[in-house]
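Let's walk through this one together, starting at the ligand and then moving on to a pair of helices.

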Amino acid sequence: MSIEVIVGANWGDEGKGRMVDYFAQDADFVIRYQGGNNAGHTVINEFGEFKLHLIPSGVFSKKTINILGPGMVLDLQSLVEEIQSFKEHGIDPKIYISERAVICFPYHRYEDIWEEERLGKNAYGSTRRGIAPVYGDRTIKKAILMGDLFFPEYLETRLRQIVDWKLQIAKGVYGKDNPFTFEEIWEWTQKWSKPLLPYIKNTNEILEQAVKEGKKILFEAQLGTLRDLYFGIYPYTTSSCTLSAFAPIGGGLFGYPPDRVIAVVKAFSTCVGEGPFVTLMEKEEADQLREIAKEYGAATGRPRTIGHFDAVATKYGVKVQGATEIALTKLDSLTGRKTLKICTHYKFENKMFDDFPINPILEKSEPVYIELPGWDEDISKVRRFEDLPQNAQNYVIEIEKRVLCPIKYISVGPEREALILR
Ligand code: GDP
Ligand code: MG
């Protein structure tokens with residue numbers, strides 16, 4: 001038996017999807033344990049190029065069962081369409097959906113949009129998929145669980161009460177007069193839940209059994225430490241817990257701590273959405289790297305903000321994840337740069353520090369850099385650490401020294417096999 005968790009140590013988009021796809025080759029189960037269709041995990045393998053939003057990245061492996069865990073929020077329509085798109089590519093996804101996962105309704109999406117519009121220039125940079133409203137509803141106990149779909153009378157009673165309340169909010173807070181009706185929401189629910197019913201299970205039982213049989217289990221996170229609801233750049237975080245410590249809860253597997261936590265770290269910094277970002281790269285340099293590295297959001301297509309490697313944020317990101325090792329991605333994207341900067345400290349009110357602070361300090365922090373020489377050689381075909389140019393090796397070693405965790409994997413291309421094991 002083995003239990004592994006793959007998480008992001010940065011702001012998300014570190015390349016978790018490609019690492020899960022790699023590790024899933026011999027996994028019996030892959031479990032997404034938080035988030036919704038605001039995720040965008042890119043996987044490139046023998047089947048082609050895919051952007052996964054709700055379906056775990058283990059879906060390409062024949063032996064792997066993929067679970068959408070109780071910690072997730074599921075837009076039914078989006079899930080049906082994602083399953084359909086896999087079928088069109090000749091892949092029939094082997095999935096189970098937890099009966100305790102929560103449904104993300106169209107009114108969650110509307111609320112997300114209305115609230116971002118109300119906030120104007122102070123908006124959170126939401127993906128506008130309804131994620132914050134639906135997690136909010138879960139917390140204040142106004143959510144509907146996937147398992148409720150099997151009990152139409154129960155579902156109707158609860159949904160009527162909730163829709164009635166939502167309509168009051170729509171009018172009172174946002175001035176929207178009856179923007180939807182109960183009947184519309186009911187029809188949407190009926191239409192899009194029907195194809196999903198066969199997948200909905202008590203997934204806790206399935207996993208409990210799997211552990212007893214000594215199966216290999218992999219948890220897949222969405223986003224990264226710095227967008228975590230509790231330890232990220234609050235309030236510019238997501239609305240769920242992106243940490244490895246949440247995997248047992250959001251995945252539904254109790255009493256078995258993970259054997260390994262693999263933190264995925266990008267060889268430079270990127271973020272999408274709002275919030276403080278200390279190591280912002282100079283515009284021209286950033287524009288160039290964005291094109292080389294194709295840094296556009298997988299869920300929204302938004303251009304990602306680009307920064308130098310932030311060792312302060314990453315050290316924290318790795319520590320908070322309880323990482324046992326690091327997978328460093330996109331080293332190849334840095335080829336051709338004369339020098340590379342690593343931010344080792346932040347400066348705030350003339351004091352230097354290397355602990356990641358809360359936002360009021362973060363927003364006023366200046367980066368302090370060291371600078372390392374770059375390399376020009378194409379490294380995308382390299383498969384042994386010793387075969388990397390000396391300056392690339394030095395860059396990796398310097399990062400490892402700063403973030404205090406062994407770098408065991410280095411990826412040098414988006415394809416499954418473009419990986420160095422160290
Ligand atoms: P995730 O959200 O953490 O799964 O990451 P995304 O898939 O959103 O973003 C990572 C992007 O980098 C994707 O477009 C990947 O195909 C790509 N990628 C991942 N690893 C590498 C790598 O080592 N080199 C290059 N050039 N691209 C990579
Ligand atoms: Mg992504």
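Which element gives the largest share of the shell around ligand 1? That would be H1, with three residues. This is a predicted model, where local features need pLDDT of at least 70, side-chain atom pairs count only at pLDDT 80 or more, and totals for chains, interfaces and linings use all residues. Residues are numbered from 1 along each chain as its sequence is written, chains are lettered from A and ligands numbered from 1 in the order written, and side-chain values use heavy atoms, with hydrogens and water left out.

Now for the shell itself. Ligand 1 is surrounded by 17 residues (a heavy atom within 4 Å), and the closest are Lys16, Gly40, Thr42, Asp332 and Ser411. Look next at the polar contacts (pairs of N or O atoms within 3.5 Å). Polar backbone atoms of Glu14 and of Gly413 each sit 3.1 Å from an oxygen atom of the ligand, and Arg304 brings a polar side-chain atom to 3.1 Å from a ligand oxygen. On its own, ligand 1 has 580 Å² of accessible area (Shrake-Rupley, 1.4 Å probe), and the protein covers 93% of that.

Elsewhere, check helix H2 (residues 76-88) against helix H6 (residues 182-193): their axes, lines fitted to C-alpha atoms over the stretch in contact, come within 9 Å and cross at roughly 25 degrees, on a scale from 0 to 180 degrees between N-to-C directions. So H2 is roughly parallel to H6 (angles under 35 degrees).

How values were computed. Polar contact = N/O pair within 3.5 Å; in protein donor to acceptor, adjacent residues only side chain to side chain. Helix = DSSP H or I, 4+ residues; strand = E, 2+ residues; numbered from the N terminus. Parallel < 35°, antiparallel > 145°, perpendicular 65-115°, else oblique.
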